[in-house]
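These are my notebook entries on a structure I looked through element by element. I set down each point as I looked it up.

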Amino acid sequence: MLNLEALRMDVYKCARCGCCRSKYDQNVRGVCPSYWHSSGFETNYSRGIVLVARGILEGALNYSKSLAEHLATCTTCMNCVQQCGGMNLTTGEPMTNTPRIVEAMRADIMELGLAIEPHTTLASRTEKDHNPYNERHEARLNWAEKLDIPNNVMDTMFFVGCTQSYRRTEAAIATAKILQKLNIPFGILSDEWCCGSPLLRTGSRKLTGELARHNVEALKGAKRVVFSCAGCFRQFKEDYPQFVGELPFETLHISQLLSDLIKEGELKMTEPIAQKVTYHDPCHLGRHLKIYYEPREVLRAIPGIELVEMYPAKENAWCCGGGGGVKVSYPKMAVEIASDKLLHAKEVGATAIVSACPFCKTNILDAVKATNSDLEVYDITELVAKSMGE
Amino acid sequence: MVRTHHPLYHELACIVGPKYVSDEDFVCYAYSRDSTPYPPSVQGIVVRPVSLEEVVSIVQLANQTRTPIIPSGGRASMFGASPGLPGKGIVVDMTRMNKIVEVDLENMHVTVEAGLGKAELNARLLRNYGLEIHNAQMPYYAVTVGGHTSGMAHGGGSLYDPAHGPGPYILGVKVVLGNGKVVETGNGPGTISTTRISSPYTHTRVAPEVTNLFVGSAGLFGILVEVTYLMFRSPKVRASEAYVFDSFEDAWKTYREMSKIDGALYIQAPSFKVLASPECMSALTFGMAPKVWTIFTGVYALDEEEADLKIKKANEMVERCGGKIGESAAREMAGVMINPEKGGLRDMGATAGTMGMWVLFEVCPPATEIPECFHTSREWLNKRFKELGVSEDEVSRTEFLLGDVTGGVTSFIIYYDSTNLELEKKLYQMHREYYEWAAKRGWFPDVNHGLATKLMARYWTPEFYDFMRTLKDALDPNHIMNPGIYNF
């Protein structure tokens with residue numbers, strides 16, 4: 001049976017009002033980044049995708065390689081859900097969750113052997129080395145060599161994630177230093193595997209389940225797990241329960257932990273950072289988990305920082321363009337979408353963009369490079385660590 | 001297996017580039033339906049031009065090969081997708097032509113490409129200049145400039161500012177005619193009016209005004225590529241009120257009285273007033289407001305003093321007519337309607353599907369026939385629901401009317417569970433029957449798409465049909481433009 005079948009009701013509930021393409025007002029500045037940076041057919045955004053899903057469910061259409069290529073342009077940023085014109089009167093939730101539909105369709109495509117090559121490569125690499133970056137698993141902890149972090153299970157665990165382990169090690173190091181400076185005993189896993197987020201987003205459901213079971217088993221005994229990668233955090237919090245049931249530990253993003261400590265007066269940042277910054281809401285942290293307030297609170301607590309908001313921001317924020325497998329499938333498009341973000345930041349006079357997701361940071365940095373922008377890009381942990389004197 | 005392309009695939013790819021043409025079955029399928037339960041009509045190929053020259057080339061190619069063209073904008077139509085020629089027709093998706101061509105702040109004109117979303121245009125004008133253009137309440141977010149202008153009988157005029165119609169707002173259009181030639185009308189840039197007449201405000205014409213030939217034309221004669229609008233300053237102050245009445249008669253009497261002073265109270269700046277049924281009130285306020293007939297009204301003003309005065313005058317009128325100010329939930333709803341930051345009436349209208357899939361039963365009677373139209377339509381709907389075995393818990397509805405001193409709109413939006421395909425079929429049947437029933441009484445829909453155009457054309461006199469046929473033959477000699485529209 002098709003994975004899509006489980007979402008039949010969602011598919012039929014789409015009213016085809018078109019808000020997922022063209023909502024635009026003083027808070028919303030366009031909806032679907034993939035639509036604007038692809039061929040722009042109806043099939044490049046939510047309404048058309050859902051109609052195609054209906055066609056498949058009704059037997060009018062079949063999956064194909066070409067459809068797989070179209071579906072691969074979706075960043076699963078959830079802005080279409082945010083702007084959806086349909087509302088379930090009972091739950092107050094939007095009628096149609098297109099990223100879920102896209103993921104189900106990608107899973108069907110993967111199982112039918114029609115997946116695009118970048119998606120299958122992502123899966124095979126992760127199966128082999130437990131990370132999608134084609135890096136050796138043994139090198140996963142290299143970033144922590146000089147930090148003296150226990151790698152046994154403790155009450156508080158830091159789940160690092162592949163991107164911070166191999167690409168954005170500065171954010172992993174900053175997170176670890178913050179926790180050490182705060183005297184919070186914590187550990188990291190000696191055998192951490194990819195959280196599976198990129199795989200689930202691109203259709204590899206079976207492998208995702210294996211990764212989820214491994215990671216949760218390895219973390220057994222921990223009371224809470226802290227994340228500074230928005231993607232890993234979202235994967236644990238939202239997706240792992242469907243594979244492993246209720247998690248046996250609390251999960252929280254580093255920005256939530258820091259925000260709480262600021263409120264309790266236990267985190268004081270003293271080194272001023274004189275910079276006008278703007279905060280990029282990672283989709284996985286913002287629209288997916290509704291965490292908008294805490295990162296901003298943390299940034300506001302840093303002396304010298306002037307925080308300005310982009311248009312659009314928070315629940316209407318423009319995706320960085322890297323998520324949902326787009327970075328690996330359509331790297332040029334991913335950078336073009338991130339370049340929009342640079343323009344938005346420039347418009348409000350920011351000199352730096354701060355994110356709370358290493359994957360967003362990578363894609364935004366690539367856009368900075370591609371456009372020769374003078375904007376600086378930081379992970380929120382880097383600024384906090386710096387202001388703490390690290 | 002090698003896939004067979006549409007016969008015009010390669011030629012179209014040469015015109016717009018291969019990235020912007022597709023004959024994939026799933027792409028064509030995604031353009032096969034509008035926002036109604038009407039069955040799909042799947043064309044053969046989709047093309048996304050970016051310039052006037054590309055549109056002209058596409059139309060010329062279509063003429064050479066006698067291939068039908070189906071223009072596509074925001075796909076917000078409410079009467080089924082254009083029939084076209086399934087499997088063969090060319091869908092010309094205009095949404096890549098989305099630039100603001102010219103903002104003339106001195107003469108308060110804006111000229112835009114037809115594929116630009118009206119919501120985006122309005123938001124950008126508001127943000128950058130504090131200006132707005134004339135809009136319909138619904139659809140708002142989804143529609144493009146071209147779709148709105150060609151798809152609504154008055155370009156939205158009859159809904160948003162009924163007293164004035166579209167004349168003062170849509171100043172000119174640029175169209176690629178069905179014969180491949182380009183025509184510019186009215187006061188758009190480059191037309192004779194603006195190049196020779198010093199002030200476009202005079203509306204002085206050196207030729208018969210033909211802009212409205214293309215307004216509401218549903219792509220019958222050609223493809224709209226540009227529209228020039230009159231802009232106005234966005235009001236600084238918005239105020240609203242909700243008035244409740246024990247009976248429809250009292251509410252309607254008040255509504256009529258308010259309509260008669262629209263010209264004095266609401267000159268130029270758009271305003272709204274909506275008369276909602278008791279059931280509609282309950283639905284809109286999630287059961288928070290009492291089930292009574294309610295008039296929502298909103299006024300725009302330059303300052304608080306002016307707004308207060310307008311609301312005060314409205315209050316006095318309501319009191320004289322036997323109504324009173326509503327309770328907090330109703331007043332709050334009025335506040336939402338007038339306030340764009342809270343969604344506004346536009347949002348409500350644009351997302352009439354807010355409660356799920358919906359079917360619109362809406363016609364535009366003369367003002368004096370509004371009560372009869374409203375009540376008999378209501379009776380008709382209730383009767384057919386009963387006959388077709390549709391129970392009350394299967395559907396919900398909002399019912400309201402709006403209009404001015406000369407005419408208006410009665411509207412019944414039926415929301416339903418679109419996963420219930422049997423129910424959807426019944427509503428599709430009812431939708432067609434209702435408009436036949438209403439048309440026989442002289443009440444027609446305001447939107448010109450799909451079935452609506454065929455229906456309305458059946459009520460044309462033979463003389464008018466001949467006249468339209470003459471125009472069609474002259475402007476689109478091979479009848480490639482949107483076949484099936486208006487029975488051509």
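In what order do the four strands of the open sheet in chain B lie, and what is the pairing? I worked on a predicted model. I read the order as 1-2-4-3, with mixed pairing.

Entry 1: I looked for the edges and found strand 1 (21–22) and strand 3 (69–72) of chain B, each of which pairs on one side only. I then followed strand 1 of chain B to strand 2 (residues 45–47) of chain B; the two pair in the antiparallel sense over two bridges. For B:S22 I noted B:V46, in strand 2 of chain B, as the bridge partner. I also looked up what lies across this sheet: helix 3 (residues 52–65) of chain B lies across strand 2, strand 3 and strand 4 (90–93) of chain B. I recorded an angle of about 170° between helix 3 and strand 4 of chain B.

**Entry 2: helix 9 of chain B.** I checked the length of helix 9 (residues 248–260) of chain B against expectation: at 1.5 Å a residue, its 13 residues should span 18 Å, and its end C-alpha atoms are 18 Å apart, which agrees. I listed B:A251, B:T254, B:Y255 and B:M258 as buried in this helix. Seen down the axis of helix 9 of chain B, the buried residues fall within an arc of 105°, so I take them to line one face of the helix. I note the reason for such spacing: an α-helix has 3.6 residues a turn, so residues three or four places apart point the same way.

**Entry 3: helix 15 of chain B.** I found 18 residues in helix 15 (residues 370–387) of chain B, and 25 Å from its first C-alpha to its last, close to the 26 Å expected at 1.5 Å a residue. Its buried residues are B:I370, B:C373, B:F374 and B:S377. They cover an arc of only 95° around the axis, which puts them on the same side of helix 15 of chain B. I looked next at what covers these buried residues, which includes strand 15 (357–363), strand 16 (395–403) and strand 17 (408–416) of chain B. After helix 15 of chain B comes B:G389, for which I noted a positive phi, near 75°.

Definitions and conventions: Residues numbered from 1 in each chain as written. Chains lettered and ligands numbered in written order. Predicted model: local features only at pLDDT ≥ 70, side-chain atom pairs only at ≥ 80, totals over all residues. Expected span 1.5 Å × (residues − 1). Buried ≥ 20, exposed ≤ 12 C-beta atoms within 10 Å, placed from the backbone. Arc of directions from axis to C-beta. Pairing = 2+ DSSP bridges. Contact = placed C-beta atoms within 7 Å. Axes fitted to C-alpha atoms, helices over the stretch in contact; angles between N-to-C directions.
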